[in-house]
Structures are given as C-alpha cells and as structure tokens.
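Please consult the sequence and the structure shown here.

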Amino acid sequence: MDLGRIAELLRPFLINPCHSEQGGRPGEEPAPVLSPTDLRHISTYIDLLLRWNSRFNLTAIRDPEEIVSRHFGESLFAAQHLFPKIYPVSSSVLPVSSVADDVAFARNPSNDSSLPSPRVADLGSGAGFPGIPIKLWAPHIGLTLIESNQKKAAFLREVARTLTLTNVNIQNARAEDVTQTFDLVTLRAVERFSYILPVAISLLVPKGRLALLIGSSQLDEARSVDPLLSWLDPIAIPESKSRNLLIGTRGPER
C-alpha cells in the first residue's frame with residue numbers, strides 16, 4: 001500500500017503537539033509523527049494480514065484503507081495516549097534527514113537503557129490490534145500477545161518475525177492461565193467482555209494501567225467492575241460515533 005496514503009489516512013488519529021502549539025503557517029504540512037520505517041512496517045503488516053485472512057478469518061474488514069483507519073488508526077490513537085511522545089524540537093524546522101532521529105528520540109526521550117521496559121500485555125490479541133501497533137509506536141516496551149487460537153497465534157509470530165520486532169512474546173494460551181503480571185494490559189474487540197474484564201484486571205501490577213478500546217454502551221459496565229480502579233474520562237476515538245479509549249489505574253493492594 002502506498003506509504004503516503006497510509007500517512008494521510010492516519011493523520012486524524014495522530015496529532016503532533018509541537019505543530020499545533022507553535023501554529024503552522026497556511027499551507028504548511030504537519031510535522032510527521034510516524035517515520036518512513038513505521039509506514040513501511042504498516043504496509044508490510046497489511047499485506048500479511050490480507051494474505052493470511054484469505055485462508056482463515058482474522059478480520060471482517062477486507063479493504064486496505066479501512067484496515068488502516070479502523071485497526072491501525074484506533075490502535076495508534078491509544079498508543080499516543082499511553083506512551084506520549086515528547087518533541088524537544090519541532091521537526092517542522094529540522095532538515096529532512098533529522099526527522100527520523102527526532103521521531104525515534106521522542107519515543108524514548110530518556111534514552112536510558114538501564115530503565116526497565118514497561119511490560120505490556122494485549123489480551124485476546126487476535127490479528128495483533130492494538131498490541132503490535134503500540135509496539136511500533138513505542139519500541140522500548142516489552143510486549144506479550146495473549147491469544148488462545150492457535151492459527152491466530154501463528155499469524156502473530158509471523159508478523160513479529162517479518163517486522164523483526166524484538167522483546168515480543170506470543171503466548172498461545174487462555175488469559176485465565178497466564179501467571180505473569182504487567183504494567184499495562186490492553187483489551188479490544190474481545191468476546192465475553194463482562195467475563196474477561198476481571199481477568200484483565202487480575203494481570204495488572206499495583207498501579208498498573210488498563211486500556212480499553214470499547215463502545216459507549218460498555219463504559220458503565222467497565223467502570224463498575226472493580227472499585228480499586230480509578231478511571232480517566234473516556235476519550236472519543238476520531239472518525240467514530242461510539243468508540244472510546246478508557247484508561248484505568250489499579251490502586252495498591254488491600
């Protein structure tokens with residue numbers, strides 16, 4: 001898929017705060033928040049998804065542009081809120097050769113390899129959303145994709161291998177059987193939402209975060225499940241009438 005078209009489709013979901021704060025001149029292009037490598041990875045990912053989807057059902061969405069908007073847009077929108085970039089200098093005033101370095105620095109501004117990587121689990125990962133796009137956005141995280149379906153788990157391994165992603169663990173297991181705990185657990189488009197939500201909460205460390213990509217009709221149910229979770233206000237997902245990002249933080253153990 002054309003990289004420029006991918007960037008155009010993702011623009012409503014990704015805002016460069018430097019450009020909005022400093023104010024762009026009329027006709028000036030927004031500073032990029034995805035590098036050319038990111039866009040190539042997304043294009044390759046789409047090719048893999050369409051190829052595997054022809055053999056078994058990974059997603060009901062077949063149109064590549066809709067895949068970009070619905071799957072990657074929503075996932076990267078969540079990634080931007082969970083792992084905000086810090087722009088030390090607006091890339092709009094940098095030479096083109098510096099943009100990729102600026103984007104890379106913004107994702108891990110401390111550049112301190114001694115700090116532990118945040119441990120992220122994507123529960124019921126399916127075709128890899130939002131987990132893998134979050135990893136593309138924040139390469140420093142340690143990502144665990146939990147998927148009980150064997151064919152889907154095989155697809156996730158192929159994506160990780162093809163994109164040469166590191167510090168990614170695919171667990172072909174039921175969420176209830178996972179014994180690790182994580183700093184962040186994500187949940188999107190899973191079956192049996194009311195059943196799996198307490199399982200997701202149980203995988204959090206104290207002060208860990210739970211990120212839900214859900215419809216408006218599920219917000220009240222999500223916020224009433226566990227009194228130990230404190231919730232931020234839901235964030236409406238662009239280009240959707242009812243989808244929201246809901247982020248909760250687990251309190252200390254009783």
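Buried means under 20% relative accessible area, exposed over 50%, and partly exposed in between (1.4 Å probe, protein chains only). Helices (H or I, at least four residues) and strands (E, at least two) are DSSP runs, numbered from the N terminus. This is a predicted model, in which local features need pLDDT of at least 70 and side-chain atom pairs count only at pLDDT 80 or more, while totals for chains, interfaces and linings use all residues. Residues are numbered from 1 along each chain as its sequence is written, and side-chain values use heavy atoms, with hydrogens and water left out.

Q: What is the mean pLDDT of the protein chain?
A: The pLDDT is the predictor's confidence in each residue, from 0 to 100. In this chain 81% of the residues reach 70 or more, and the mean is 86.

Q: Is Ala154 buried, partly exposed or exposed?
A: Ala154 lies in helix H7, residues 150-162. Because its relative accessibility is 29%, Ala154 counts as partly exposed.

Q: Why do the buried residues of H7 line one face of the helix?
A: The buried residues of H7 are Ala153, Phe155, Leu156, Val159 and Ala160. The arc is that of the directions from the helix axis to the C-beta atoms. Seen down the axis of H7, the buried residues line one face because they fall within an arc of 155 degrees.
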